[in-house]
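Here's a tour of one model, written for someone who would rather look at side chains than read tables. Keep the structure open beside you as you go.

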Amino acid sequence: MNKGARTEAGNLRWWQLSLLGVASTIGTGYFLGSALGIRLGGPAFLLSIILAATATFFVFDVLSRMTAEDPQKGSFRTYAKKAYGRWAGFSTGWMYWCSEVLIMGSQMTALAIFSRFWFPGVPMWIFASGYAVLGLFVIWIGNKGFDRLENVLAVIKVAAIVMFLIIATAALMGWLKGGSKLHVPGSINAFFPAGGIGMWSSLIFAFYAFGGIEVMGVMAIRLKNPKEAPKAGRVMILLLSIVYVLSIGMAVIMVAWNQFSTTKSPFVVALSSYHLPFIPHIFNAVLIIAGFSTMVASLYAVTTMLVTLSEDKDAPKLFSRKKFKRDTPIYALSLTAIGLIVSIVLSLLMPGKIYEYLTTGAGLMLLYNWFFILISAGRLIELTVWGKIKRYIGMLLIAAAVSGTALHPMSRPGLWISLGFIVVIGLVVLCMRSVWKKSGQGHVREADKPKFRPKPAR
């Protein structure tokens, strides 16, 4: 996700932005989080993916329009501030920081789970500690050398998916030895084995697989023509949707939905029953390499966001101070390290459940930000009737995903985690409002509102 933030201004074509979005979005939420969705909804998880893709498009559509009309470095955080005042920018910035902390913990836990594919007897917290130290070291030494490597890792991620699609196609055609009978759902009950409630509960994990589009709003200001941001988003989301539906659809046909495990990637499980002695190991190694790249990107994003919040006086000034020759934001990085330590301690205390809790909490925090993007758009841009309908549908789908987490004991703790973060942020906002009022920054000034041109009704 940090790739776009370090791209030179005005040098991206729309198709490059689409590919960057695909590469930065595909991560452990797809490679492992999809197993949680399949376990909850069965084959109906494919429908959850389509619904999540629809809402994702509606969110990016209004975000890209705001970016095209009024490019801002702070993207959705700046638009929230312009629409509703200082408290909104403060809240969305800290919600995003909290979501990235949870995402970071989720990715680190996923890497530990992938590593236990080879070493099942090693405690998860040991692997998590190793990846945390390595990730912090990469951020410490700087990202110039890692930028080129990230591009290679993005190619590896896409290559892994293509490899799975090719092997899965060969397996479904009967060209490979081994495997079991195909599990093509031939009835409504077979497609919805857990009923409508199961599919409803699985929505959050479908949304989580699309996490990252809000960063595309930041990337969009690097386009040669910012007006092409909506086109880039449409292509990106279409590509992601096709890849997700094809690969997960093949996986649930190759293996019965209730055979998937939350401790293994669904793609490794789908390949493991065939006589392919090396392929599952190669695929697992690729998942670790790809997952590590997204974890480092989250480390960078979480540290950078804290520095930006500090520079905007929405966080203590201490966090924007830089030390040493590399200009390392040592205090911001230290707080990030504390977040990693908390995740490691939780993986020690709850080794069997921590991934589900962190993934659900991270997905919910992202959705709270997406919801704020939609309500900010209602105040900042003129929407056609169809545009308003799409906005309300997006809100409804996000509300469905959030409420669905209360319906299953696996995702319910993540809901409480996310609400805990919201309560803390809300209490801080209440304490700060008097300070902002005195400085005249607690309300929306008319001069701060972007003068977006009304769009003609269609």
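## Ground rules

Buried means under 20% relative accessible area, exposed means over 50%, and partly exposed is in between (1.4 Å probe, protein chains only). This is a predicted model, so to speak of local features we need pLDDT of at least 70, while side-chain atom pairs count only at pLDDT 80 or more, and totals for chains, interfaces and linings use all residues. Residues are numbered from 1 along each chain as its sequence is written, and side-chain values use heavy atoms, with hydrogens and water left out.

Helices here are DSSP runs (H or I, at least four residues), as are strands (E, at least two), and they are numbered from the N terminus.

## A salt-bridge network

Let's start with charges. A salt bridge is a side-chain nitrogen of Lys or Arg within 4 Å of a carboxyl oxygen of Asp or Glu, and by that rule the count is four. In one of them, D312 pairs with R77, with the closest N and O atoms 2.8 Å apart. D312 is partly exposed at 34% relative accessibility, whereas R77 is buried at 7%.

R77 also meets D314 in a salt bridge (3.8 Å, N to O). Because D314 lies in the loop between α15 and α16 and R77 in helix α6, this pair ties together parts that are 237 residues apart in sequence. Both D314 and R77 are buried. D314 has another partner too: R86 forms a salt bridge with D314, the closest N and O atoms being 2.7 Å apart. R86 lies in helix α7 (residues 86-115) and D314 in the loop between α15 and α16, so here the parts tied together are 228 residues apart in sequence. R86 is buried as well, with a relative accessible area of 4%, and the value for D314 is 5%. Through shared partners, the salt bridges join R77, R86, D312 and D314 into one network.

## Helix α6 and what follows

Is helix α6 enclosed or open to the outside? Seven of the nine residues of α6 (residues 76-84) are buried, so the helix is largely enclosed by the rest of the structure. The buried ones are F76, R77, T78, Y79, A80, K82 and A83. Just after α6, G85 takes a positive phi of about 110 degrees.

## Aromatic rings

Rings of Phe, Tyr and Trp (its six-membered ring) pair if their centres lie within 6.5 Å; planes under 30 degrees apart count as stacked, over 60 as edge-to-face, and the rest as tilted. A search of the whole structure finds 18 such pairs. In one, the rings of Y84 and W87 have centres 6.5 Å apart and planes at 55 degrees, so the pair is tilted. Y84 is partly exposed at 24%, and W87 is partly exposed at 26%. F191 and F192 make an edge-to-face pair, with 5.1 Å from centre to centre and 75 degrees between the planes. F191 is partly exposed at 23% relative accessibility, and F192 has a relative accessible area of 23% and is also partly exposed.

Look as well for the aromatic cluster formed by Y30, F31, F164, F210, Y244, F267 and F283.

## A nonpolar patch

Patches are made of residues with over 30% relative accessible area and no salt bridge; like charges are joined within 9 Å, and nonpolar side chains (Val, Leu, Ile, Met, Phe, Trp, Tyr) within 5 Å. The areas come from the Shrake-Rupley method with a 1.4 Å probe, and for residues only the protein chains shown count as cover. Here W125, I126, I341, V345, L348, L349 and M350 make a nonpolar surface patch of about 630 Å².

Which elements give two or more residues to the nonpolar patch? They are α8 (124-141) and α16 (330-349). The largest share, four residues, comes from α16. V345 is in helix α16 and is partly exposed, with a relative accessible area of 40%.

## Cysteines

A disulfide is a pair of cysteine sulfur atoms within 2.5 Å, and the count comes to zero. C98 is buried, with a relative accessible area of 5%, whereas C431 is exposed at 58%.
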